[in-house]
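Hi,

Here is the structure I promised to pass on. Have a look at it first, and my notes follow below.

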Amino acid sequence: MTDADLHFYFDPTCPFAWLTSKWVRTVAARRDYRVDWRFISLRLLNEHVDYDAWFPPEYEAGHMAGLYLLRVAARTRAEHGPEAVGRLYAALGAHSFDADPVPGPETPEKDRRATPAFLAPVLEAAGLPAGLAAALDDESLDSVVRAETEEALALTGRDVGTPIIHFGPPEGVAFFGPVISRLPGEDEALELWDHVVALARFPGFAELKRSLREQPQLRGLGAAPDRPGTEEDWHAGSRRTKK
């Protein structure tokens with residue numbers, strides 16, 4: 001999508017990226033922006049990290065699920081075009097984060113989102129063929145996901161997470177974030193967008209950050225929609241178990 005107003009790099013298992021993407025969709029609809037939904041894999045980003053030492057137990061399975069789902073997104077784009085990736089991501093996020101938590105046999109070794117059973121209703125909701133679920137196990141698609149992950153990191157540097165937004169590509173600047181834990185209303189969304197873009201356009205601006213975060217206000221994570229989540233200190237954006 002060469003005429004996109006912004007590139008949004010996402011990992012579909014990141015709840016903060018999902019909240020930011022919903023904010024971006026609100027702004028895009030109000031401002032008539034075109035968004036190219038692109039890939040960044042948290043598992044590939046952290047492939048040299050000792051997960052047992054640095055992350056909570058469920059993180060490796062979650063990040064692997066993100067890679068598997070990005071394989072499906074890569075196949076979707078190849079066969080159905082970039083617009084279909086936006087539909088797929090919307091359906092993935094809705095099923096992962098905007099529905100009630102699903103009890104089941106999920107373990108630190110296995111994330112339910114990396115399964116055809118989870119993906120079947122997602123593909124149906126996105127209006128996409130059920131056969132795309134076969135891409136979950138297609139390792140040949142990892143080269144596409146890796147190339148796009150490296151593309152995102154080349155824009156920002158490597159000490160980042162998801163999402164990454166590239167404003168006004170190809171010449172515009174890109175940043176990790178913004179990381180938000182609540183979804184703003186429509187008017188607030190536009191105000192926040194204008195502030196973020198103003199920072200992005202200022203020459204030499206690099207970072208505005210704190211590691212204290214609220215838990216994402218998402219139904220799928222068990223959060224109440226009418227009150228903020230518990231605030232925690234996210235060391236390097238990951239709630240690492242060792243400091």
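Is Arg146 buried, partly exposed or exposed? Arg146 counts as partly exposed, because its relative accessibility is 35% (buried means under 20% relative accessible area, exposed over 50%, partly exposed in between, with a 1.4 Å probe and protein chains only).

Before you go further, a word on the source. This is a predicted model, in which local features need pLDDT of at least 70 and side-chain atom pairs count only at pLDDT 80 or more, while totals for chains, interfaces and linings use all residues. Residues are numbered from 1 along each chain as its sequence is written, and side-chain values use heavy atoms, with hydrogens and water left out.

Back to Arg146: its side chain meets that of Glu47 in a salt bridge, 2.9 Å from N to O (the rule is a side-chain nitrogen of Lys or Arg within 4 Å of a carboxyl oxygen of Asp or Glu). Arg146 lies in helix α7 (residues 142-156) and Glu47 in the loop between α2 (42-45) and α3 (51-54), so the pair ties together parts 99 residues apart in sequence. Helices here are DSSP runs of H or I with at least four residues, strands are runs of E with at least two, and both are numbered from the N terminus.

By that rule there are 19 salt bridges. Another one joins Arg71 and Asp142 at 2.6 Å, N to O. It links helix α4 (residues 59-80) with helix α7, 71 residues apart, and both Arg71 and Asp142 are buried. There is also a network of salt bridges that links Asp36, Arg38, Arg77, Glu148 and Glu151.

Now the inside. The largest nonpolar core has 65 residues, and Trp23, Val24 and Leu119 touch the most other members (such a core is a set of buried Ala, Val, Leu, Ile, Met, Phe, Trp, Tyr and Cys residues joined through side-chain atoms within 4.5 Å). Helix α1 (residues 15-31) gives the largest share of this core, 8 residues.

Finally, helix α8 (residues 186-201). Ala189, Leu190, Trp193, Val196, Val197 and Ala200 are buried in α8. They cover an arc of only 130° around the axis, which puts them on the same side of α8 (the arc is that of the directions from the helix axis to the C-beta atoms). The face turned away from that buried side carries the exposed residues Asp187 and Glu188.

Cheers
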